[in-house]
Amino acid sequence: MLQAAGATLLSGAIAAPMIALPRKALAAGSLVVVTWGGRYRQVAEEAWFRPFEKEFGIRVIASDTPDLAKVKAQVMTNNVQWDVFDATGVQIITGSRDGFWEPIDPTLFKTDDLIRPLTKYSVPYSGSVGGIAWDNNKFPDGQHPETFAEYFDFEKFPGPRTLRNRAFEMMEIALLADGVPQDKLYPLDIDRAFRSLKRIKPYISNWVEQTPQTVTLLATGQVNFTYTYPSPLLAGQNAAKSLRFSYKQNLSSFNYLVVLKNAPNKAAAMKYLQFVTRPDRQAAFANAYIGIPPVSRSAYPMLSAEARQWLPDVNSKTSVPLDEAWWGDNYDEVTTRFKEWLLS
């Protein structure tokens, strides 16, 4: 799944809440794109939104935090307010099963240039890697966890820490922390995962919803350790140069764009998906948002030396890929149980 960082607010139309104007009043010349907020939204504005507006004359309006429940409500009530949905593979598969997306026309894309293939309903646009981070000034070598088993070792590494308030990723982390081998992770043993999470629950001070918080809490000293992603961490180094990220054990995934079923501006939405996967736009985003690998092969020669240095290896043996197909079959059930568990 792409992760956003920072709390930078944008100005003008891009930063305006989606509900600031009636959707019908905006539909003819606008495109509503659901994003991850924070620094991601800022970089997306620079690499995608403004150039798209300039090239096609279509205004882009951002709405933060992709929420599948809101997609379902819009589609089921035939009151679709969003055009483009930026989400994880898990959300994409679930939405595909439930009929939330418009089919993709593969002829719009250079499929042989994409590292990750198109699906019937989705277009890949970036990779993502999650792992453990810390402030190296406060917790130098030997005093911070770097694997999930160490993250759950509260005696050796005491203090508050974060996890996400969603089931996917958290189930995998809990099982890896409990000693499940990486190549034996799926199908997930959900009962075992919850038993493992029960051990860590008293030490989780923040179940984070928005990605920028994972770094803000660390940089401000509110938590000792955090589960986050390279790009938001690098952005957070503006406030704390000593923030570090572990590549010893990671979860890897891809992020996708889809068009909502009966989107008000379907044609413009498809143009936007095509635009985002262009090599020059892929490189522009990756050069500004260090740590995010492009999906366009042709984009890599355009990357800066710094961007190349921070590219995670999603094929590393220590990087566990999220099984999107498994989650597609189990997302609703496990998510409901996880939300109820958080409240218990």
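**Figure 1. Lining of the largest pocket in the predicted model.** In this predicted model, α4, α5, α7 and α14 each contribute at least two residues to the lining of the largest pocket. Helix α14 gives the most, with 5 residues. The volume of this pocket is about 570 Å³. Its lining comprises 22 residues, of which Asp67, Leu68, Ala69, Tyr331 and Thr335 are the closest to the pocket centre. Divided by class, the lining has 8 nonpolar, 6 polar and 8 charged residues.

Figure 2. Within α4 (residues 68–76), the buried residues are Leu68, Val71, Gln74 and Val75. These residues lie on the same side of α4, because they cover an arc of only 120° around the axis. In general, an α-helix has 3.6 residues a turn, so residues three or four places apart point the same way. Ala69 and Met76 are exposed on the face of α4 turned away from its buried side. The cover over the buried residues of α4 includes β3 (84–88), α5 (89–97) and α14 (324–343).

**Figure 3. The largest nonpolar core.** This core has 91 residues, and those touching the most other members are Trp48, Phe85, Trp101, Met171, Leu197, Tyr272 and Trp327. Helix α7 (residues 167–177) supplies the largest share of the core, 9 residues. A second, separate core has 11 residues, among them Val208, Leu218, Val223 and Leu243.

**Figure 4. Surroundings of Leu197.** With residues up to four places away in sequence left out, Leu197 touches Phe152, Leu163, Met170, Met171, Ala174, Phe338 and Trp341. Leu197 and Met171 are also both among the residues that touch the most other members of the largest nonpolar core.

**Figure 5. The largest cavity and its lining.** The volume of the largest cavity is about 40 Å³. Trp48, Tyr125, Ser126, Gln282, Phe285, Ala286, Ile292, Pro293 and Pro294 line this cavity. Two or more lining residues come from each of β4 (123–135) and α12 (279–288), and α12 gives the most, with 3 residues. The lining contains 7 nonpolar and 2 polar residues but no charged ones.

**Figure 6. Helix α12 and the elements that cover it.** Pro279, Arg281, Gln282, Ala283, Phe285 and Ala286 are buried in α12. Of these residues, Gln282, Phe285 and Ala286 also line the largest cavity. The elements covering the buried residues of α12 include α3 (38–56), β4, α11 (266–276) and α13 (305–309).

Technical notes: Residues numbered from 1 in each chain as written. Predicted model: local features only at pLDDT ≥ 70, side-chain atom pairs only at ≥ 80, totals over all residues. Heavy atoms only, no water. Core = buried A, V, L, I, M, F, W, Y, C linked by side-chain atoms within 4.5 Å. Buried < 20%, exposed > 50% of the residue type's maximum accessible area, 1.4 Å probe, protein only. Helix = DSSP H or I, 4+ residues; strand = E, 2+ residues; numbered from the N terminus. Contact = heavy atoms within 4.5 Å. 1 Å grid on protein atoms, 1.4 Å probe; cavity = no way out; pocket = protein on both sides within 12 Å on 5 of 7 lines; lining within 4 Å. Points joined across faces, edges and corners; volume = space filled by probe spheres on them. Nonpolar A, V, L, I, M, F, W, Y, C, P; charged D, E, K, R; others polar. Arc of directions from axis to C-beta.
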